[in-house]
Amino acid sequence: MSEDYLNDLKEFENLTKLTIDLSEEIWLKFLSLWFQILEYEPSIHEMLLCYQQCIQLLPILMKKCHFYQIRKDIRISKETSFKSLEKLNENRLKNYFLLTKDEQDKEENKVYYHHIYYLLLISSQTISFVSFESRDEQLFIEKYVELFQIFINRIDKRMQSNLNQSNEIKEQTLAVINERILTFFWNLSDRTILIPFLIQTQLPFKVLQWLSQSSFLTEKSRRPFLGIIQNIARHDDGTDKLNEFNGLEIVKQYQQQKLEKTQTRKLILSMSIALLSTHEQLKDNRKGMNIVLNNLLESIIISFKSDRYRFDGIHISELLEILVKLFVVEERILDYILNHVETNPSSNLISTIQLFIEIFIQFSHSLKESDRVDQLTFIAIANILWSISFLNYTKDYLIENNLFIQILFQLNQEQNQNDIIQQYKPKSMENIQQAIQGILHNLHLIQDNKHLTDIQNKTDENWIMISYCHENLNICNEIYEYLKKSIKNLNIWIDQTHLNNSCDLWESIAYGMEKSNFILCFLSEQYFQSKSCRQEFIYANDSLKKPIIPILISNFQPKGWLGIRMTGLKYIRFKNENQLEEKKKTELLNTILSSLSLKLSHVTNKENLSPSSEHQFEESSSNLNEIQKWFQSNRLSKEFYDLFQFETREEMFDYAQLLFKDREKQMNIYEKIYSQKYHGKQMPPHEFLRFTKSLEQFINDDLNSSTQIKSKTCILL
């Protein structure tokens with residue numbers, strides 16, 4: 001048997017120059033032979049010769065078979081990586097990882113060293129080309145939890161051993177096999193869909209621990225730690241798990257040691273911090289964030305010009321993913337990238353928008369192909385352009401690119417024909433259909449009012465629309481059921497019942513908004529981060545000027561694009577979304593009935609109403625009429641009446657207290673709201689002063705008469 005193997009191995013020694021197709025077949029044939037030989041103990045002299053011959057042939061064959069080129073073929077990458085893992089998981093080889101250094105140096109064990117080295121090398125160099133799209137592929141890798149934990153324990157022991165010697169030796173290595181294991185984990189964690197599985201192996205906790213102890217290691221030995229952390233943090237579950245172990249602080253402390261010298265390593269460090277930070281933490285680190293943004297955009301420019309769209313190993317998709325998340329934080333970051341970023345060569349508004357459009361055009365073909373990374377790149381750049389399209393001053397630059405607009409329309413029409421690979425994407429990134437329609441809508445290239453005639457013919461119906469983020473589905477469903485039971489003949493537009501698999505998603509949502517008397521918005525951190533929810537809120541508030549009843553979930557505080565539009569709106573807060581307070585549900589019901597001007601006959605659950613509800617509804621209309629007459633009598637315009645939207649005299653009293661504390665601040669706030677609400681018009685300063693004096697006189701008159709009318713409908717909670 002051993003002689004047959006030796007003869008077979010000799011056939012590989014005399015190979016001449018190979019074509020790519022022939023290289024693939026030769027490589028797989030050699031793998032099969034090598035793995036058969038490893039089935040046998042090397043104790044027999046002839047088998048030992050086979051072991052040795054395989055090791056001599058491997059580097060030669062990798063070169064002759066163009067290994068680093070053929071590994072990109074899915075058949076080669078999958079068969080090489082999967083069969084290598086199977087072999088490493090066999091007892092004889094797996095037990096090698098459990099041996100002490102002295103045991104590994106024994107003659108009977110030394111023979112395995114080079115085989116394990118090459119198995120780890122070829123598996124780590126091919127695993128990153130396996131997509132793991134199918135459940136079968138994911139189940140295959142999940143079989144190796146025990147093996148991966150053995151890998152982790154081996155590195156952990158070596159780290160502890162080195163740590164004990166750190167005072168004696170300043171620059172230590174983890175040894176070649178351990179470095180190969182870490183490279184394997186680095187490439188495996190690049191498959192973001194596998195992060196929930198890797199969390200089970202305790203890798204996130206251990207890699208943070210290793211990074212915190214790595215100052216005594218050589219650059220080569222510690223290099224994979226940061227790459228693994230960055231890959232884990234690209235998954236939302238990975239970010240949560242890393243921060244569960246104080247990940248952000250550990251990475252920041254590592255940054256302060258200034259161990260990383262190259263631009264690429266500093267960039268990976270900055271990317272990791274950005275991924276691990278909350279939006280508030282990013283906003284607080286403005287100076288540091290500007291440096292990160294400079295590096296990010298410059299790296300995107302360089303990677304887009306390269307053949308493989310990489311900057312020193314970092315693919316452009318990874319860089320774009322970071323920007324997608326950062327652009328959710330606040331418009332200041334987007335404004336900095338477009339107008340103030342410092343790159344070499346220098347960038348400006350026009351060149352940066354043009355760069356993003358060119359990336360979009362370059363990767364637009366990906367939806368008709370099967371490259372997972374290309375599709376992720378395209379989804380990311382579409383999300384970035386969607387964020388940019390919310391800014392009024394960018395729209396002309398986007399519209400003037402005819403090819404860009406042509407591709408948008410084409411993709412919108414062909415959305416059901418695109419072969420989009422199902423893969424993980426972070427919460428900050430919306431799907432391609434929403435992004436394409438979102439851009440078209442923001443550029444006013446989708447007609448939203450095509451159903452207005454139909455709506456006007458149905459003015460006798462009462463409609464409300466519910467706008468929410470799907471992470472808040474439970475509270476949304478509970479309120480939906482509560483309202484359906486409580487108010488008869490109330491029509492509620494919600495995506496779960498009204499989209500009906502519509503091809504034109506945004507058109508259907510816009511129709512629901514246009515049809516509704518007002519919009520019920522469930523506001524949370526997830527709602528704030530969603531570009532789809534942002535688009536719904538802005539369309540309802542800015543374009544349609546629909547009344548909005550905001551429902552704040554838990555402790556969420558509106559900010560950014562949402563905060564500026566929430567000023568002046570009266571809201572209801574449910575502090576515990578898992579157990580909604582009955583009192584708050586009742587107040588919501590009262591608010592809706594008041595807003596729709598419904599009578600008590602429409603209420604099916606009268607026990608839900610407070611004892612004074614009947615009197616309350618009668619007074620609600622008179623309160624509004626009284627407030628409207630007050631604005632008219634003080635020569636204040638309808639725009640000002642709509643701007644403040646007071647519903648009761650008590651609300652006017654409450655706002656007056658804020659106004660009199662800091663008039664200049666309130667004027668600045670409402671200047672912005674006025675401009676947003678009325679499409680860039682400036683608020684007349686003299687009218688705000690007239691409003692202030694009139695309100696002051698109103699308060700004084702009311703106090704002098706010792707009569708204070710309290711609101712019967714308390715909406716502000």
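## Basis of the model

A residue counts as buried under 20% relative accessible area, as exposed over 50%, and as partly exposed in between, with a 1.4 Å probe and protein chains only. This is a predicted model, in which local features need pLDDT of at least 70 and side-chain atom pairs count only at pLDDT 80 or more, while totals for chains, interfaces and linings use all residues. Residues are numbered from 1 along each chain as its sequence is written, and side-chain values use heavy atoms, with hydrogens and water left out.

## Cysteines

The structure has 0 disulfides, a disulfide being a pair of cysteine sulfur atoms within 2.5 Å. For cysteine 50 the closest cysteine sulfur belongs to cysteine 54, 6.8 Å away and therefore too far for a bond. Cysteine 50 is buried at 0% relative accessibility, and cysteine 54 is buried at 0%.

## Salt bridges

A salt bridge is a side-chain nitrogen of Lys or Arg within 4 Å of a carboxyl oxygen of Asp or Glu; the count is 30. Among them, arginine 265 pairs with glutamate 260 at 3.3 Å, N to O. Arginine 265 is buried at 3%, and glutamate 260 is buried at 7%.

Helices are DSSP runs (H or I, at least four residues), numbered from the N terminus. Lysine 29 bridges to glutamate 11, with the closest N and O atoms 4.0 Å apart. Lysine 29 is in helix H2 (residues 20-37) and glutamate 11 in helix H1 (residues 2-11), so the pair ties together parts 18 residues apart in sequence. Glutamate 107 and lysine 110 form a salt bridge at 3.7 Å; both lie in helix H8 (residues 107-127), 3 residues apart.

Technical notes:
Helix = DSSP H or I, 4+ residues; strand = E, 2+ residues; numbered from the N terminus.
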